[in-house]
Amino acid sequence: MTRSPSDRPARTRRRWVRLAVVAVVLLVAGGLTLDDLARSSADPFSSLLAGVTTREATPGTALAAVADLEVKGRAPKTGYDRDEFGPAWADVDRNGCDTRNDILARDLVAVTYEAGTHECIVLTGELADPYTGGSIDFRRGRTTSTAVQIDHVVALSDAWQKGAQTLDAEIRRELANDPLNLLAVDGPTNGAKGDGDTATWLPPDSSYRCEYVARQVAVKARYELWVTAAEQEAMQRVLASCPDEPLPAAG
């Protein structure tokens, strides 16, 4: 049946009534007040959802930690350079192996090492890729090593634009080599991620998204990096589906 234009005002009124009912339910469920709604952003219903989610979060979970992150706008990328985070894959833990090989050894199984390197240089192994859910046979070589890359969960460029540029150079070096912020992943997928944050990129394998976002929250909390409003909302949206996801420990 075709509706006439005269039906539109009535449909609009019904829509706003439904939205009002939802708002009241959220206010009651979240212990919020009308003042909370008045102070909310231009998208009050998203703010209410975020408020309810945060108030219900269990301490020690990644969802609870999101609320403690500072929310600010993205700073200019001016001055960013990979060298600002120290030389790539330094041996920061002084175990004789560079960080890339440390992470390969941690994340791969059936690992073999180059002879005479004191089990430092990973030659082969198998990766259960967290981003795609697939399996990758890693083989060290000029044309094969890039099949597995080491991803900075919080991209260094993103970190630079959200507080890292004010950190001490040694702290930035630690951030770039922190195992908490590093994962061995599928190379092409890592390339597609670029310097995206939670609001602009998530792993294709949806079953890994909770753990992935929890790592981002933990890294940003540890290094006192901020998030944008859109990023915080995206974090809360993902973690609301897994409210008991723990905040990963450092190290």
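1. A residue is called buried here when its relative accessible area is under 20%, exposed when over 50%, and partly exposed in between (1.4 Å probe, protein chains only). By that criterion C210 and C242 are both buried. The structure is a predicted model, in which local features need pLDDT of at least 70, side-chain atom pairs count only at pLDDT 80 or more, and totals for chains, interfaces and linings use all residues. Residues are numbered from 1 along each chain as its sequence is written, and side-chain values use heavy atoms, with hydrogens and water left out.

2. Disulfides are taken as pairs of cysteine sulfur atoms within 2.5 Å, and the count by this rule is two. With the bonded cysteines of the protein chain numbered in sequence order, the pairing reads 1-2, 3-4.

3. C210 belongs to helix α9 (residues 209-222) and C242 to the segment after α10, so the pair ties together parts that are 32 residues apart in sequence. Helices (H or I, at least four residues) and strands (E, at least two) are DSSP runs, numbered from the N terminus.

4. The other disulfide joins C97 and C120, with the sulfur atoms 1.8 Å apart. Here the S-S torsion is about -75°, so the disulfide is left-handed. C97 sits in the loop between α4 (62-66) and α5 (99-107), and C120 in the loop between β1 (109-113) and β2 (122-128), so the pair ties together parts that are 23 residues apart in sequence. Both C97 and C120 are buried.

5. Three strands make an open sheet in the order β1-β2-β3, with antiparallel pairing; two strands pair if DSSP finds at least two bridges between them. β1 and β3 (135-139) are the edge strands, each pairing on one side only. From one strand to the next, the twist averages 10°. β2 and β3 are joined by five bridges, and I136 in β3 is the bridge partner of L127. Helix α5 lies across β1, β2 and β3, at about 50° to β2. Axes are lines fitted to C-alpha atoms, for helices over the stretch in contact, and angles run from 0 to 180 degrees between N-to-C directions.

6. Which residues touch the most other members of the largest nonpolar core? They are Y131, L183, Y212, V213, V217, M235 and L239, in a core of 23 residues. α4, β5 (182-186), α9 and α10 each give two or more residues to this core. Another core lies apart from it and has 13 residues, including F85, V154, W160 and Y223. A nonpolar core is a set of buried Ala, Val, Leu, Ile, Met, Phe, Trp, Tyr and Cys residues joined through side-chain atoms within 4.5 Å.

7. Q232 lies in helix α10 (residues 229-239) and counts as buried because its relative accessibility is 17%. Not counting residues up to four places away in sequence, Q232 touches V66, A67, L69, V71 and V227, where contact means heavy atoms within 4.5 Å. A polar atom of the Q232 side chain lies 3.5 Å from the backbone oxygen of V66.

8. G141 is located in the loop between β3 and β4 (148-152). At 26% relative accessibility, G141 counts as partly exposed. G141 and L123 are 18 residues apart in sequence, while their C-alpha atoms are 8.3 Å apart in space.

Key. A polar contact is a pair of N or O atoms within 3.5 Å; within protein, one must be able to donate a hydrogen and the other to accept it, and residues adjacent in sequence count only if both atoms are side-chain atoms.
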